[in-house]
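Subject: Structure for your review

Dear colleague,

Please find the structure below, handed over for your use. My findings follow it.

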Amino acid sequence: MSAITVLILFVICLIIAIPVSISLGIVAVLPGAFDPSFTASASYVIRSMVGGIDSFPLLAVPMFVLSGIIMAHGQISKKLFDVFSYFIGKKTAGVPCAVIITCLFYGAISGSAPATVAAVGSMTIPLLLNMGYDKKFSTAIVAVAGGLGVIIPPSIPFIMYAMASGESVGNLFIAGIIPGILISALLMLYAYIHCKCCGEDKEKINAEIDALHAKGFGKIFKDSFFAILSPIIVLGCIYAGIASPTEAAVISVFYALVVSLLVYKTIRISDIWNIFVEAMKTYAPILFILAASTAFSRVLTLMQVPQLVSGYILDNFTNKIILLLVINLFLLIVGMVMDTTPAILILSPILLPIVQAVGMDGVHFGIMMVVNLAIGFVTPPIGVNLFVASSLTDVPVMDIAKKSAPMILMFLVALLLITFIPSISLVLL
C-alpha cells in the first residue's frame, strides 16, 4: 500500500466523522494488513502505541490539565483580571486589554487554549457585556486571546513537539515567551483601534473600575498575589534548574490545590473528586490520540514518507522564503481541520528535516509550528476555541469567526515576524 493511499484513507476517515484516534489507528494498521512483509504488523502498531505514551516528559500534560482545571474552579482568572483592570481599566480599550493580559497569564498556568477560553471567558464576558461592549466582540476577543494559552509557556503543544522532535522542553518554553508577548501586544493594538473607532460606554466602565478602586490597591493586590505568583513559581522552577517541566507540572497541581483550598477557599475538599474526574475526562481523549499518533508517525517513517516529502519540497522550492511561506500555509490549513496533538506528532518528523536543510533551528520551527496551529483554534471548521466561546454566550460559531477575522490577521502578522526574524524566538536561549 502506497503512502498516498494511506493519507487519502486517513482524510476520508476524518471526512466521514470517524474520531481522530480511531482514524489514526485504522490507517496505522492497514499497510501491515495488506502487505504481510511490511514491518509494521498489528502487534508492532500496538507496541508503538504503548511505547509512545510510556514517557516521563509526557506526564507533564495530565498534570498541567489538572492544574488548569483546579485553577478554573478556584476562580484564579478573576483574581488576575481584577488586578489588571485596576491599573488600565479606565484607559481606552483598557478592559479588553485586561482580558488579553489575563489570558496571557492564565495561559502561563494552564498550558491549554480551550481551558484558557473557558476559565477567562466565563468570568470576563459577562463583565464586558455589563460595561456595554458588543457581545460578538467580547466573545471573539476571548476566543482569539485564548490561543495564547498554547504559546506562552508552559504549553502542552510544546511538550508534544519536544517529544516528536527531541528538542528540549525547557528551551521551547523559554523561546515561547517573546512570541507570546508579541501576539498579545498586537491583539491589544487591535482592541485599542476597535474601541477608538466604535467607542466605549465610559459611564458603565468607570462605575465598575471605581468599585475596584474603592477596595483599595492593598486588598486587590493581596487577593491577586498568589494568582500572579503561580506562573512565576512554575516557570521559575524550570528555568532555575530546580525542577524538570514534569516536576514543575506536579508542583503547579499542589500549588493550585493549596491556594484554592486554603488561601482563596473557592473550592472545598468535597469538590476535589469531581475535579479529578473532569481532568480524567479531559485528558483521556488526548491520551488515545497521542498513542495512535505515535504509532501512525512510526508507520509513516517506515514507509519513508518524511524522506519522500522532504525530497519533493526541497526539489521544487529552492528559495528559502517561498519554502517557509508554503510550509506556513500548509500548517494553517492543517490547523483548520486537525487537532493540535496529532498534527504535531505526525508532521514534526516530516517537516523538521526540511526546515533544518535550509538552516532553520529546531526550536525556532517548533514556535512557528505551534503559532500556526494556535490560529487553527479560532478558524472553522474545527476551531475548538470558537465552540468553547460559543457555549459561553450562545453566539453562533460563524459569527464569532467573522468578528475574529481582524484579530486573526494580527496573529498572522506575528506569525510572519516570528518566521522570518529568528531572534524573536531564540534571543533568550
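Leaving aside its neighbours within four places in sequence, which residues is leucine 104 in contact with? Leucine 104 is in contact with Leu148, Ile152, Gly180 and Ser184. Please bear in mind throughout that this is a predicted model. Leucine 104 has its place in helix H6, and its relative accessible area is 12%, so it is buried. Its C-alpha atom is separated by 7.8 Å from that of glycine 146, a residue 42 positions apart from leucine 104 along the chain.

Annotated span

The UniProt record, an unreviewed entry, carries the annotation "domain: TRAP C4-dicarboxylate transport system permease DctM subunit" for residues 7-424. In the model, residues 7-424 are 80% helix and 0% strand. The end C-alpha atoms of that span lie 35 Å apart.

Glycine 176 sits in the loop between helix H10 (169-175) and helix H11 (177-198). With a relative accessible area of 0%, glycine 176 is buried. Not counting residues up to four places away in sequence, glycine 176 touches Ile151, Ile152, Pro153, Phe158 and Ile367. The C-alpha atoms of glycine 176 and histidine 364 are separated by 9.3 Å, although these residues are 188 residues apart along the chain.

Serine 425 belongs to helix H22 (residues 423-426). Its relative accessibility is 1%, so serine 425 counts as buried. With neighbours within four places in sequence left aside, serine 425 is in contact with Ala175, Pro179, His364, Ile367 and Ile418.

Helix pairs

Two packed helices are described by the angle between their axes and the distance between the axes. Both values are given here for two pairs.

Helix H4 (residues 60-73) and helix H9 (residues 156-165) pack at an angle of about 180°, and their axes are 10 Å apart. H4 is therefore roughly antiparallel to H9. The contact of H4 with H9 comprises seven nonpolar, no polar and no charged residues. On the H4 side these are Ala60, Val61, Phe64 and Val65, which meet Ile156, Ile159 and Met160 in H9.

Helix H13 (residues 217-239) and helix H14 (residues 245-263) have axes that come within 9 Å and cross at roughly 160°. Why are H13 and H14 described as roughly antiparallel to each other? Angles over 145 degrees count as roughly antiparallel, and the crossing of H13 and H14 is at roughly 160°, so the two helices are roughly antiparallel to each other. The crossing in which H13 passes H14 is right-handed. In H13, the residues Phe226, Leu229, Ser230, Ile233, Val234, Cys237 and Ile238 take part. They meet Pro245, Ala248, Ile251, Ser252, Tyr255, Val259 and Val263 in H14. By class, the contact of H13 with H14 has twelve nonpolar, two polar and no charged residues.

Backbone geometry

Most residues other than glycine have a negative phi, and most peptide bonds are trans.

The peptide bond from proline 153 to proline 154 is cis, with omega near -5°. Proline 154 lies in the loop between helix H8 (135-145) and H9.

Glutamine 75, which is not a glycine, has a positive phi of about 60°. Its place is the loop between H4 and helix H5 (76-88). Is glutamine 75 buried or partly exposed? Glutamine 75 has 40% relative accessibility and therefore counts as partly exposed.

Alanine 93 likewise is not a glycine and has a positive phi of about 60°. The loop between H5 and helix H6 (94-110) holds alanine 93. Alanine 93 has a relative accessible area of 0% and is therefore buried.

Aspartate 82 lies in helix H5. Buried means under 20% relative accessible area, and aspartate 82, at 12%, is therefore buried. Residues up to four places away in sequence aside, aspartate 82 touches Leu212 and Ile220.

With kind regards

Conventions: Residues numbered from 1 in each chain as written. Predicted model: local features only at pLDDT ≥ 70, side-chain atom pairs only at ≥ 80, totals over all residues. Heavy atoms only, no water. Helix = DSSP H or I, 4+ residues; strand = E, 2+ residues; numbered from the N terminus. Buried < 20%, exposed > 50% of the residue type's maximum accessible area, 1.4 Å probe, protein only. Contact = heavy atoms within 4.5 Å. UniProt positions renumbered as here; feature names shortened; annotations may be inferred. Axes fitted to C-alpha atoms, helices over the stretch in contact; angles between N-to-C directions. Parallel < 35°, antiparallel > 145°, perpendicular 65-115°, else oblique. Nonpolar A, V, L, I, M, F, W, Y, C, P; charged D, E, K, R; others polar. Left-handed = near helix turned anticlockwise from the far one by under 90°.
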